[in-house]
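Hi,

Here is the structure I promised to pass on.

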Amino acid sequence: QVQLVESGGALVQAGGSLRLSCAASGQISRINRMGWYRQAPGKQRELVVIISSGGGTNYADSVKGRFTISRDNAKNTVYLQMNSLKAEDTAVYYCNALVKSTDWGAEYVYWGQGIQVTVAS
């Protein structure tokens, strides 16, 4: 089994910054794609950004230029630096990872429990 644990969520004023972290643990052979999704009240979960094992990224248009994803492969951890936060960034943020638990096994998608980010306008 694999666990993803997010941290860093908080209440912040508009224009402020936050840094989210997500650490993966458990039976891990290789983590391919990692990323962040978010779900605002009354809305569907949406992609924020994903990062490949090689460092390639794909950002949602709404966060380009404000959010930056990075990962530390040695620590199985992904980070999301969020700057110039807006009220519309308020959501529960979920970490996501595509993981191979063994070299010969299949890949599975895992989710964190979610962490609240609230931006006060």
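One bit of bookkeeping before the findings: two strands pair if DSSP finds at least two bridges between them, and strands here are DSSP runs (E, at least two residues; helices are H or I, at least four), numbered from the N terminus. This is a predicted model, so to speak of local features we need pLDDT of at least 70, side-chain atom pairs count only at pLDDT 80 or more, and totals for chains, interfaces and linings use all residues. Residues are numbered from 1 along each chain as its sequence is written, and side-chain values use heavy atoms, with hydrogens and water left out.

With that settled, β9 and β10 (residues 107-111) run antiparallel and are joined by five bridges. Asn96 has Trp111 in β10 as its bridge partner, and a hairpin of six residues connects β9 to β10.

Trp111 also turns up among the rings. Rings of Phe, Tyr and Trp (its six-membered ring) pair if their centres lie within 6.5 Å; planes under 30 degrees apart are stacked, over 60 edge-to-face, and the rest tilted. There are two aromatic pairs in the structure. One is Tyr37 with Trp111, edge-to-face, at 5.0 Å centre to centre and 65° between the planes. That pair links distant parts of the chain, with Tyr37 in β4 and Trp111 in β10, 74 residues apart. Tyr94 and Trp111 have ring centres 6.5 Å apart and planes at 85°, so that pair is edge-to-face too.

Tyr37 is buried at 18%, Tyr94 is buried at 14%, and Trp111 is partly exposed at 37%.

Charges show up over rings as well (NZ of Lys or CZ of Arg within 6 Å of the ring centre and within 35 degrees of the ring normal). Arg45 lies over the face of Trp111, 4.7 Å from the ring centre, while the charged end of Arg19 sits over Tyr79, 4.1 Å from its ring centre.

Last, the core. A nonpolar core is a set of buried Ala, Val, Leu, Ile, Met, Phe, Trp, Tyr and Cys residues joined through side-chain atoms within 4.5 Å. The largest one has 32 residues, of which Trp36, Phe67, Leu80, Met82 and Tyr93 touch the most other members. Its largest share, five residues, comes from β9.

Cheers

Note on methods. Buried < 20%, exposed > 50% of the residue type's maximum accessible area, 1.4 Å probe, protein only.
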